[in-house]
Amino acid sequence: MGSRQPYRGLSRKLVIAFDVGTTYSGVSYCVLDPGEVPKTLRVARYPAQEHLGGDNKIPSIIYYDQQRVVRAAGAEALQEHVIEQAEDENWVKVEWWKLHLRAKSLPSSHIKDDDIPPLPEGLDAVRVLSDFMKYLFRCTHSYIVESHASGSDMWKSFEGHIEFVLTHPNGWEGQQQQQIRRAAELAGLVPEGLDGQSRLHLLTEGEASLHFCVTTLFASDAFSTPIVCTDDYEEDATPGYKGVAILDAGGGTVDMSVYSMSLSPSVSVEEIAPAECRLQGSVFVTLRAQQLLKSKLANSQFGTAEMIQQMTKIFDKTTKLGFRNAEDPQYIKFGTRRDSDPEFGIKSGQLKLAGEDIAKLFEPSIEAIAEAFEQQRRASDIPISHAFLVGGYASSDFLFLSLQRHPAFSDTILCRPGTQLNKAVADGAVSFYIDHLVKTRVAKVTYGIPVAIRYDSSRLDHVARKKTKILSLSGHWMLPNSFGSILKKGTRVSEEQESRLRVCRLAESASGCSYITSRIHAYGGNLSDAIWMDEELDSFTPKCTVYADTSKAADALSPQTAPSGDVFYRIEYDVVLLFGLTELKAHICWMENGVEMRTPASIAYVED
């Protein structure tokens, strides 16, 4: 990658990026000075972690008291005196809470209701997220004030106009993005309203990791050979550098994104396949380990719930991280030399587990990653030569080595950065704000709206639905349940490219045309051109409703007369969607005296 250019803004600015993870969270930031080359910095000191010499992440843990007031968070929640006070005063420990925000559309048959620790009564995931964001923001404030010259004055100069980049898994959609924005308001990051919301920038973890790789890995000499990003891939492609996959393996999810890239003379990046997300992060390896321990020790004196929980924690912190070879037995050191139960493999306070049993705990993650990668490779029209494994889970040698040997990666070079695996998302999110590399994204599903179309007796599919036809105000017979496609799955869309569908509304009065609502549906079936929503009911999912005030257009409408003599009003308009951004944007457009008029549309997402 070419050297980053100096910041061209006219005033100083602070950008803060939050990587709120299922198990660990971190913050990166950048002070943008006019004329200076931006540098990505990290919050490298948190309460109760000062002695570690600067750890860039903290546990995503919160303790609430019985009044649902936050009493401890992050590394502070792991201090012995805090744990003791929590037990004495019946505080509630909340962890893995991010999984409660997950999109229900993600495959999750492997997750049982009791696998994820429940939230305390009276708290929802948005509230917990807001409390944790508030804690991260407070830590960020303290670090910047203490670490920069005249830090206090510098912070005061930024207050009220700080820009935030908030990341989320690839599989989170509009509803989850809306919840993140609400949590940011509750946390006090920005005030309520459009001005505050304009300072929040949402980004997928996959795209954040892409930015990290481009700005840190691809900038090295080893990746100086251009990766193509042209229409004529076969002619212009440099052998071995045709496409890149980013595999961000975290605590809760594994996010996979595929891009074609050119690094010379300047960076150009296009997404070339729909992003994928699997609920197969490292916490699910731990969950499977817990089930293994329960089964193995069911009849042992060490099979109590308390002992299983203790062994599971030790597995999570040591055994899981150090496991490399299925042929080597593994040990969980949980007790003293007096703790033995040879029948169950326990000697001198150690539980012996067969290496092949540990390997099986990783298999669902490995196969899910491979399956998703294969799916993306089939959807890509250029070869994927390199794949980069990042994220906290990427530090697992067994995961990395198993993917390297997997047939799905036989034609792909799988790479893993030597260091900073768990810093990719936060650092990449800052780079996204500064460098903004991705200009084209791919629709993950087909989007459209339910429409009624004019009945045509010459069409067999219309005749089959004859009993459903309705008489419109204009006197025409119409068939409901048709699907008006706005954007088809797999379509590459640039950031400014609009996708639109012309529709109309009839009403008995002009006032009936003064407010427009259109419900956006996603089609996830296999048809290339879905026409009828009654054919595959389970394949159509309502995603959101677009609202717009069209009262000005309604005031200009003239009455029309149906063959029956009844008067009606008709407004024609376009539902306009912008999918090339990191979030869905919408407008309602109509023509007035030959000029296109446009009003922003508000979007209400359908709850899962």
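This is a predicted model: local features need pLDDT of at least 70, side-chain atom pairs count only at pLDDT 80 or more; totals for chains, interfaces and linings use all residues.

Modeller: Residues are numbered from 1 along each chain as its sequence is written, and side-chain values use heavy atoms, with hydrogens and water left out.

Colleague: Fine. What makes Met-311 count as buried?

Modeller: Buried means under 20% relative accessible area, exposed over 50%, and partly exposed is in between (1.4 Å probe, protein chains only). Met-311 has 0% relative accessibility, so it counts as buried. The residue lies in helix 9; helices here are DSSP runs of H or I with at least four residues, strands are runs of E with at least two, and both are numbered from the N terminus.

Colleague: Which residues is Met-311 in contact with, leaving aside neighbours within four places in sequence?

Modeller: Contact means heavy atoms within 4.5 Å. By that rule Met-311 is in contact with Leu-293, Leu-297, Phe-302, Ile-332, Phe-334 and Leu-351. Phe-334 is 23 residues apart from Met-311 along the chain, yet their C-alpha atoms are separated by 6.2 Å.

Colleague: And Arg-68, why is that called buried?

Modeller: Its relative accessible area is 19%, so Arg-68 falls on the buried side of the cut-off. Arg-68 is found in the loop between strand 5 and strand 6, and its phi is near 65 degrees, a positive value in a residue other than glycine. Most residues other than glycine have a negative phi. Asn-90, in the loop between helix 1 (80-88) and strand 7, also has a positive phi, near 60 degrees.

Colleague: How do you know that strand 5 and strand 6 pair?

Modeller: Two strands pair if DSSP finds at least two bridges between them. Strand 5 (residues 62-64) and strand 6 (residues 70-73) have three bridges, in the antiparallel sense. Three bridges also join strand 5 to strand 7, again antiparallel. Tyr-63 stands opposite Ala-72 in strand 6, and its bridge partner in strand 7 is Lys-93.

Colleague: Now helix 3. Why do you say its buried residues line one face?

Modeller: The buried ones in helix 3 (residues 151-158) are Gly-151, Met-154, Trp-155 and Phe-158. Seen down the helix axis they fall within an arc of 100 degrees, so they line one face; the arc is that of the directions from the axis to the C-beta atoms. They pack against strand 1 (13-20), strand 2 (24-32) and helix 2 (125-147). The face turned away from them carries the exposed residues Asp-153 and Lys-156.

Colleague: Last one: what is the largest nonpolar core, and which residues have the most contacts inside it?

Modeller: A nonpolar core is a set of buried Ala, Val, Leu, Ile, Met, Phe, Trp, Tyr and Cys residues joined through side-chain atoms within 4.5 Å. The largest has 48 residues, and Leu-351, Leu-389 and Phe-409 have the most contacts inside it. Helix 10 gives the most to this core, with nine residues. Apart from it lies another core, of 44 residues, among them Phe-132, Met-154, Trp-172 and Ile-180.
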